Amino acid sequence: TITDTFRSGMKKAVCAFVLALSVFALTACGEPEEVKAAKTATLEQNGVTMKMIFDARGDRVTRLTQESSISLEGYTEDQLAELDSAVEAAQAAYSAIEGVEYSAEKGDGYLTETIVIPTDEDTLKTVIGQGLLPVDDEDLTQLSLDATVENLESAGWTVE
């Protein structure tokens, strides 16, 4: 009958509407937006200032930028040569990992080193496996912003 056909059509229309609404709702409640420089941790020690800047999506760190500034005041020629060798070794190690950026510059009595590490699972495993990111769990697949901040603060870092 016409009434049954109408009801059947209405049921399909309502189901399609509810499905579309559900998809929209799920999309709207998706992953949190990425926050650049969500937290910054700083430590000054023995003429070295280290800063870690964390980009994050919710509690998941998406990128870690480490900036280190080393005062070269009082360094001997031999110590400067050792430092240059260490920079070359770091350059080789970090440059071998796809997606990781490394740079070091000398100027105004300082050496400034910058390392940018995306923290996708593959890069994270590689960096941890090579001992370039000190963590307790070698099977780590993502970095928790909250846990990282807590660990840094307990080690004396100042976190903003």
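**Exercise 1. Locate T119 and state whether T119 is buried or exposed.**

Solution. Step 1: T119 sits in the loop that connects β5 with α3 (121–129); helices (H or I, at least four residues) and strands (E, at least two) are DSSP runs, numbered from the N terminus. The model is predicted, so local features need pLDDT of at least 70 and side-chain atom pairs count only at pLDDT 80 or more, while totals for chains, interfaces and linings use all residues. Residues are numbered from 1 along each chain as its sequence is written, and side-chain values use heavy atoms, with hydrogens and water left out.

Step 1: T119 has a relative accessible area of 3% and is therefore buried (under 20% relative accessible area; exposed is over 50%, partly exposed in between; 1.4 Å probe, protein chains only).

Step 2: Leaving aside residues up to four places away in sequence, T119 touches V61, T62, R63, L64, L124 and L143 (contact: heavy atoms within 4.5 Å).

Step 3: A polar atom of the T119 side chain lies 2.4 Å from the backbone oxygen of V61. A polar contact is a pair of N or O atoms within 3.5 Å; within protein, one must be able to donate a hydrogen and the other to accept it, and residues adjacent in sequence count only if both atoms are side-chain atoms.

**Exercise 2. Describe the buried and exposed sides of α4 and the two ends of the helix.**

Solution. Step 1: In α4 (residues 145–154), the buried residues are L145, T148, V149 and L152. They lie on the same side of α4 because they cover an arc of only 100° around the axis, the arc being that of the directions from the helix axis to the C-beta atoms.

Step 1: The buried residues pack against β1 (34–45), β2, β3, β6 and β7 (158–159). On the face turned away from them are the exposed residues D146, E150 and S154.

Step 2: At the N-terminal end, S144 caps α4, with a side-chain oxygen 3.5 Å from the backbone nitrogen of D146. After α4 comes G156, with a positive phi near 100°.

**Exercise 3. Determine what V159 touches.**

Solution. Step 1: V159 belongs to strand β7.

Step 1: The contacts of V159, not counting residues up to four places away in sequence, are K39, T40, A41, V149 and E153.

Step 2: V159 and M52 are 107 residues apart in sequence, yet their C-alpha atoms are 9.2 Å apart.
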